[in-house]
Amino acid sequence: MRSSQNARQVRFSLTATDFGALLLMLLVCFALLLASSCPAQTNITGLWVLKIPTADGNVRKIFFDLKQEGERVSGELMFGPNRGRPISDGTFRDGVLHFVVKLGQPPRRVREIVYEGTVQGEKLLITSQYPGRAPIKGVAERTTRKALLPPPRLPLPALHEVPDNGLARTPPMGWNSWNKFGARVNDKVVREMAKAMVTSGMKAAGYAYINIDDTWEGPRDADGNITSNRKFPNMKALADYVHSLGLKIGIYSSPGPTTCAGYTGSYGHVQQDADAYAKWGFDYLKYDWCSETELYPISGHGYPTVGQMRAVYQEMGDALRKTGRPIVFSLCEYGWDDPWTWGPKVGGNLWRTTGDISDNWKSMIRNGLAQLAIAKYIRPGHWNDPDMLEIGNGGMTNEEYRTHMSLWSMLAAPLIAGNDLRTMSPAINAILTNREVIAIDQDSAGKPVERISSPAASQLVLARPLADGSLAIGLFNLADQPQSITVKWSDVRLNGKKLRARDLWKHRYVRVSGPSYTAKVPAHGVLLLRVESK
Ligand code: GLA
């Protein structure tokens, strides 16, 4: 009896509550509908990490920092702590996430990557569509801000001078994979390039190093040893092959946690990596700054201080020395903080002085001219590096490529070819293997070039004293039309002398008489002379 009464009461009171609750829900729903987010669903606000396994066996991480307000989604796509790109057109509607990330900035080409995602529990199933490529699918998981931070800073060593390794008494000559192949370099390409270096006559002309640039790296193994990725199945076997052709082989790394292309860097494993290179048989290391900036971002100009950068390079200089193997040490930090003043002190044989070269006249000339103010810092074993050659990559005329080769040789810059040696034309081969020009580059005195005053900004007259007492003279035409360029013998301390001058591109002596020499030089062209007093 009591219970049935209770039941009735309950039924009654439930009905009343139901009614009230229903009304309330309707009101809330109506309000939410107005805010266009009813019914409420998973809120995707937060930091997500998308791990994409790559074809070469690495895992690429991309972070999404998302903020959902109603159906609107804003935020950033992040490759690292300071490397974000805003997302646009972001929506989260009916469980489907959509947003766009724009790469590049006008006036340059802007590409839009479209991301679509659906929520499954605590995971986001994401498909990204890069224009013209197959869509990439992946699973993003929630992560913490800590995952975005660089690893803790390791103490830097006190500064000291690393003894000279005795290598690169003349500027290094060789080939590097980056300019032509970028991330498409692999074991096969390197082997074929080594072979082509021999068959093309480049080895005979003095080119010696076959250098693998970025993107060879795999993850570290359980003991922290660096591995090569699937593109390079056996580094030791590759080095043995290159050596069997009478050539030397080079490798690449960065002091930070990742390299410039986002592969495994040497951070926290400097000696271990140097030992691996030595064990595999490498003869040359290009050590490229990149992600160290995230660890040592000193305010002001945004770069690390000289002491920090020098200490980081010194650590690798010491590590290479400790291996006991002769390994050329190539510093690559784009000329930030004057590496020409401290490069030799960290055991460096060459140091990049500028940003990356591109295969066009403007970029090549900009990098080349930037060397003139710092020319005096070169000496045997220690060279300014205006970046690798673009000769033969197709973006300049052969006239301009001759200027490129001549300018680099006048500067005593490293001659590291960056083209496909297997398929180069005879004309490109002739430019790269011009022994008379190479002899200027490789002159044993290693003396700096001098800029001789010239009447027009579009003219560049350079002179460099050579070991045998002769003088290399370059008349460079920077203008878009042909022009006559003059060198006065008094300007190069050759006045009043009986002279013999040889044109190093035409391979013949030219007639010189009187107080000066004038030549008509083609647009973007050069006349390169070797002058001796008789
Ligand atoms: C930097 C260097 C280049 C090349 C790439 C590889 O940009 O300056 O020469 O090594 O990194 O990622």
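Modeller: Cys290 is placed in the loop between β14 (284–288) and α7 (292–295). Helices (H or I, at least four residues) and strands (E, at least two) are DSSP runs, numbered from the N terminus. This is a predicted model: local features need pLDDT of at least 70, side-chain atom pairs need 80 or more, and totals for chains, interfaces and linings use all residues. Numbering starts from 1 along each chain as its sequence is written, and side-chain values use heavy atoms, without hydrogens or water.

Cys290 is not a glycine, yet its phi is positive, about 35 degrees. It counts as partly exposed because its relative accessible area is 25% (buried is under 20%, exposed over 50%, partly exposed in between; 1.4 Å probe, protein chains only).

His524 belongs to the loop between β25 (516–521) and β26 (526–533). Here the residue is buried, because its relative accessible area is 11%.

Next, the ligand. Its shell holds 13 residues, and the closest are Asp213, Asp214, Lys286, Asp288 and Asp356 (a heavy atom within 4 Å). By class, that shell has 7 nonpolar, no polar and 6 charged residues (Asp, Glu, Lys and Arg are charged; Ala, Val, Leu, Ile, Met, Phe, Trp, Tyr, Cys and Pro nonpolar; the others, Gly included, polar). Polar contacts follow (N or O pairs within 3.5 Å; within protein, a donor and an acceptor, and sequence-adjacent residues only if both atoms are side-chain atoms). Asp214 has a side-chain N or O atom 2.8 Å from a ligand oxygen. For Asp288, the corresponding separation is 2.9 Å. A polar side-chain atom of Asp356 is 2.5 Å from a ligand oxygen.

Now the paired strands. β4 (residues 83–93) runs antiparallel to β5 (residues 96–103) over 5 bridges (pairing takes at least two DSSP bridges). Thr91 is bridged to His98 in β5. The β4–β5 hairpin has 2 residues between its strands, and Asp94 there takes a positive phi near 50 degrees. β5 also pairs with β6 (residues 111–120), again antiparallel, over 8 bridges. On that side, the partner of His98 is Glu116. The loop between β5 and β6 contains Pro107. Pro106 and Pro107 are joined by a cis peptide bond, with omega about 5 degrees.

Ser409 is in helix α11 (residues 398–410) and counts as buried because its relative accessibility is 0%. Its side chain reaches the backbone oxygen of Met405 at 2.8 Å. Beyond four places in sequence, Ser409 touches Leu415, Val437, Ile440, Asp441 and Arg464 (heavy atoms within 4.5 Å).

Gly446 is in the loop between α13 (435–441) and β19 (450–452). Gly446 is buried at 4% relative accessible area. Its contacts beyond four places include Ile378, Trp383 and Arg464. Leu466 is 20 residues away along the chain, with 7.8 Å between the C-alpha atoms.

Pro339 is in helix α9 (residues 339–342) and is buried, at 0%. With neighbours within four places set aside, Pro339 contacts Glu333, Pro344, Trp351 and Arg352.
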